[in-house]
Amino acid sequence: MTSVGFIGSGHIGGTVARLSVAAGYDVLLSNSRDPQTLAGLVQELGPLARAVTSEEAAGEGDLVVVSVPLHAYQSVPAGPLAGKLVLDTCNYYPGRDGQIAELDGGSLTSSELVQRHLAGAHVVKAFNNIFYQHLLSLARPAAAADRSYLPIAGDDADAMSQASAFLDAIGYGAVDDGPLASSWRQQPGTPVYGPPYGSFSDPVGTPASEATVRAALAQATR
């Protein structure tokens, strides 16, 4: 795996791209506008980065990070993602996304909704529970005593293994949160969403151990 496609290059997508470049990955950045609007980010990230269309990011990335407002999930090109690992960072915010009955009623999680749209892909929920500034500042090598952990959820064991390896490469350990149906435990408003990594007012954040993240997931209630 040598390249990472990004469908959405905002706070979380852009931060994962920065960590990916630091780890030696080629990155293909896209957003909902023209690739030229990403010229500044491409220049900042250097020769391993280039701006492309969403279709190109989906087709050329060995793995693809989807980081768009949830209300735009149907704009993600499904065909080119068939058979690929897709890391879904999306969160459901009704005030922004509008009311989605299946999510409000709890019959689906937001990542199950994304997986239903991307029927041929292998979706893993990741990066959705941490403030983007903390995501950047808390990355550590595998041997670091203060390494932080992030929860991931997915229905495919091989995809989960690949996602864990990618997180490891860019500076994080992974905690298995179970299938996509269990990913409500890392959604907005749950104990693992934000607090383990410190206050949003502190741009540096606080390292969160594997035990801390597991305990936060265990405290989640519906």
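This is a predicted model: local features need pLDDT of at least 70, side-chain atom pairs count only at pLDDT 80 or more; totals for chains, interfaces and linings use all residues.

User: OK, so is Tyr-25 buried or exposed?

Analyst: Tyr-25 counts as buried because its relative accessibility is 11%.

User: How many aromatic pairs are there?

Analyst: Three aromatic pairs. Rings of Phe, Tyr and Trp (its six-membered ring) pair if their centres lie within 6.5 Å; planes under 30 degrees apart are stacked, over 60 edge-to-face, and the rest tilted. One of the pairs is Tyr-25 with Phe-166, edge-to-face at 5.3 Å centre to centre and 70° between the planes.

User: And where do those two sit in the chain?

Analyst: Tyr-25 is in the loop between α1 and β2 (26–30), and Phe-166 is in helix α8 (residues 157–170), so the pair links distant parts of the chain, 141 residues apart. Helices (H or I, at least four residues) and strands (E, at least two) are DSSP runs, numbered from the N terminus. Phe-166 is buried too, at 1% relative accessibility.

User: What about Phe-131 and Phe-200?

Analyst: Those two are stacked, with 4.7 Å centre to centre and 15° between the planes. Phe-131 sits in the loop between β6 (122–125) and α7 (132–137), and Phe-200 in the loop between β8 (173–176) and α9 (210–218), 69 residues apart. Phe-131 counts as buried at 17% relative accessibility, whereas Phe-200 is partly exposed at 45%. Together with Tyr-132, Phe-131 and Phe-200 form one aromatic cluster.

User: Switching to pockets: what's the volume of the largest one?

Analyst: About 380 Å³. A pocket is an open set of points on a 1 Å grid over the protein atoms alone, where a 1.4 Å probe fits, with protein on both sides within 12 Å along at least five of seven lines; lining residues have an atom within 4 Å of a point. Of its 20 lining residues, those closest to the centre are Ile-12, Thr-89, Asn-91, Tyr-93 and Arg-96.

User: Which element gives the largest share of that lining?

Analyst: Helix α1 (residues 11–22), with three residues.

Note on methods: Residues are numbered from 1 along each chain as its sequence is written. Side-chain values use heavy atoms; hydrogens and water are left out. Grid points are joined across faces, edges and corners, and a volume is the space filled by probe spheres set on the points. Buried means under 20% relative accessible area, exposed over 50%, partly exposed in between (1.4 Å probe, protein chains only).
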